[in-house]
Amino acid sequence: MKLNIGVIKGDGIGPEIVAEAMKVLDKTGQVYGHEMNYTQLLMGGASIDVHGIPLTDETIEQAKASDAVLMGSIGGDAKTSPWYQLEPSKRPEAGLLKIRKALNLFANLRPAVLYDELKGACPLKEEITQGGFDMMIMRELTGGLYFGERSTEEVDGLMTAHDTLTYNEAEIRRIAKRGFDIAMKRRRKVTSVDKANVLDSSRLWRKVVEEVAAEYPEVELEHMLVDNCAMQLVKDPKQFDVILTENMFGDILSDEASMVTGSIGMLASASLNESRFGLYEPSGGSAPDIAGKGIANPIATILSAAMMLRFSFDLDKEADAIENAVSKVLKDGYRTIDIMSEGKMQIGTSEMGDKICGYIG
């Protein structure tokens, strides 16, 4: 099978961790008889340096022509990088919002898994995390506050900022359906997170989610207010299977979940449209302070590549092989610095990619 993959290496540690994911994909292709065809794309700060803007129309068209896109991290140090002297619409992160909208990537999947081998890195008490946990955060990605109308102007002598949070029922319905579909392949529970005691948008969200739930009688639905969910994630993370929520709430909760697992460097991410196309990226940032040092954890990007094989190419066996290889490497005691613990063997970015390749096939 020929896999046409767009590759956005990005900024900071992005090129380093993407290189390891490509290494693992190439090894998987060799073992299982697939050809990886990569198209290099520029986005974020790397695109600003070449084109003066974070995302060009040509890059969008090249991404659309790919079967899927693998991406590293975008952005730099907001205090020192010249990218952040530009107006907000021309900064690196603006490219990320633009490509999500252009490719209609409305569904963001962020698995949060606590590996038994990494339970020592989890900041929670052992009695809370005993046995580990495995949840999937399903975040609506192209609507809500981040994409609403906004302005800053002087009103009655005071500078006043205005942001608009808008959702229509079609946007809510399609993300809810995707969430329930994934729950059917997991433990068949959906926790829908909102702020229905305050927000009209959340009340509509809850109404539509309940309508969709009626189509999935095998799936348990519960509603949870976002502040309570934030508390429950640290009190009892094992209770969650699929967390379904809107854009801003999902942004915040997924980062919280990442730290509950011990390291954001372990968390994969997928952003899907209504077809098989998806953009796959690690959940963490560009970490410019460690860029080029060879110490960044590539596992989240490697697991994102596994998600790409599973969701965009239906290559479940190959995805399982990568995920099992990651588990074996951790079980054998190899760690990058962010997940290092006493008695384990610390290795660098490239070495981690090599070790994972060694367990494939």
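This is a predicted model: local features need pLDDT of at least 70, side-chain atom pairs count only at pLDDT 80 or more; totals for chains, interfaces and linings use all residues.
At what angle do the axes of helix H10 and helix H11 cross, and within what distance do they come?

**First stop: helices H10 and H11**

Select residues 299–311, which form helix H10, together with residues 316–331, which form helix H11. The two axes cross at roughly 160 degrees and come within 7 Å. Since angles over 145 degrees count as roughly antiparallel, H10 is therefore roughly antiparallel to H11. The crossing of these two helices is left-handed.

Next, display the side chains at the contact. On the H10 side, select Ile-299, Ile-302, Leu-303, Ala-306, Leu-309 and Arg-310. On the H11 side, the residues they meet are Asp-316, Glu-318, Ala-319, Asp-320, Ile-322, Glu-323, Val-326 and Leu-330. Coloured by residue class, the contact of H10 with H11 shows nine nonpolar residues, five charged residues and no polar ones.

Now move to the loop between H10 and H11 and select Asp-314, which is placed there. The phi angle of Asp-314 is near 55 degrees, a positive value in a residue other than glycine. With a relative accessible area of 43%, Asp-314 is partly exposed.

**Second stop: a loop between two strands**

Another positive phi angle can be inspected at Asp-156, a residue other than glycine, where the value is near 55 degrees. To find Asp-156, select strand E6 (150–155) and strand E7 (158–163), and look at the loop between them. Is Asp-156 buried or exposed? Its relative accessibility is 79%, so Asp-156 counts as exposed.

Select helix H8, residues 226–235, and helix H9, residues 247–260. Their axes lie 10 Å apart, and the helices pack at an angle of about 10 degrees. Because angles under 35 degrees count as roughly parallel, H8 is roughly parallel to H9.

The H8 side of this contact consists of Val-226, Cys-229, Ala-230, Leu-233 and Val-234. The H9 side is supplied by Phe-249, Leu-253, Glu-256 and Val-260. By class, the contact of H8 with H9 comprises eight nonpolar residues, one charged residue and no polar ones.

How many salt bridges does a search of the whole structure find? The search finds 23, and the following selections show some of them.

Begin with helix H3, residues 57–64, which holds both Lys-64 and Glu-61. These two residues are three apart, about one turn of the helix. Their side chains meet in a salt bridge, with an N to O distance of 3.9 Å. Lys-64 counts as partly exposed at 45% relative accessibility, and Glu-61 is partly exposed with a relative accessible area of 48%.

Then select Glu-281 and Arg-100, which form a salt bridge whose closest N and O atoms are 3.9 Å apart. Are the two partners buried or exposed? Glu-281 counts as buried at 8% relative accessibility, and Arg-100 also counts as buried at 8%.

Continue to helix H6, residues 169–184, where Glu-169 and Arg-173 stand four residues apart, about one turn of the helix. In their salt bridge, the closest N and O atoms are 3.4 Å apart. Glu-169 is partly exposed, with a relative accessible area of 45%, and Arg-173 counts as partly exposed at 22%.

Lastly in this group, select Asp-134, Arg-186, Arg-187 and Asp-241 together. Salt bridges that share partners join these four residues into one network.

Where does Thr-56 lie? It is found in the loop between helix H2 (45–51) and H3. Thr-56 has a relative accessible area of 11%, so it is buried. To see what surrounds it, display Ser-47 and His-51: Thr-56 touches both, residues up to four places away in sequence not being counted.

Note on methods
Residues are numbered from 1 along each chain as its sequence is written. Side-chain values use heavy atoms; hydrogens and water are left out. Axes are lines fitted to C-alpha atoms, for helices over the stretch in contact, and angles run from 0 to 180 degrees between N-to-C directions. Angles under 35 degrees count as roughly parallel, over 145 as roughly antiparallel, 65 to 115 as roughly perpendicular and the rest as oblique. A crossing is left-handed if the near helix is turned anticlockwise from the far one by less than a right angle, and right-handed if clockwise. Contact means heavy atoms within 4.5 Å. Ala, Val, Leu, Ile, Met, Phe, Trp, Tyr, Cys and Pro count as nonpolar, Asp, Glu, Lys and Arg as charged, and the others, Gly among them, as polar. Buried means under 20% relative accessible area, exposed over 50%, partly exposed in between (1.4 Å probe, protein chains only).
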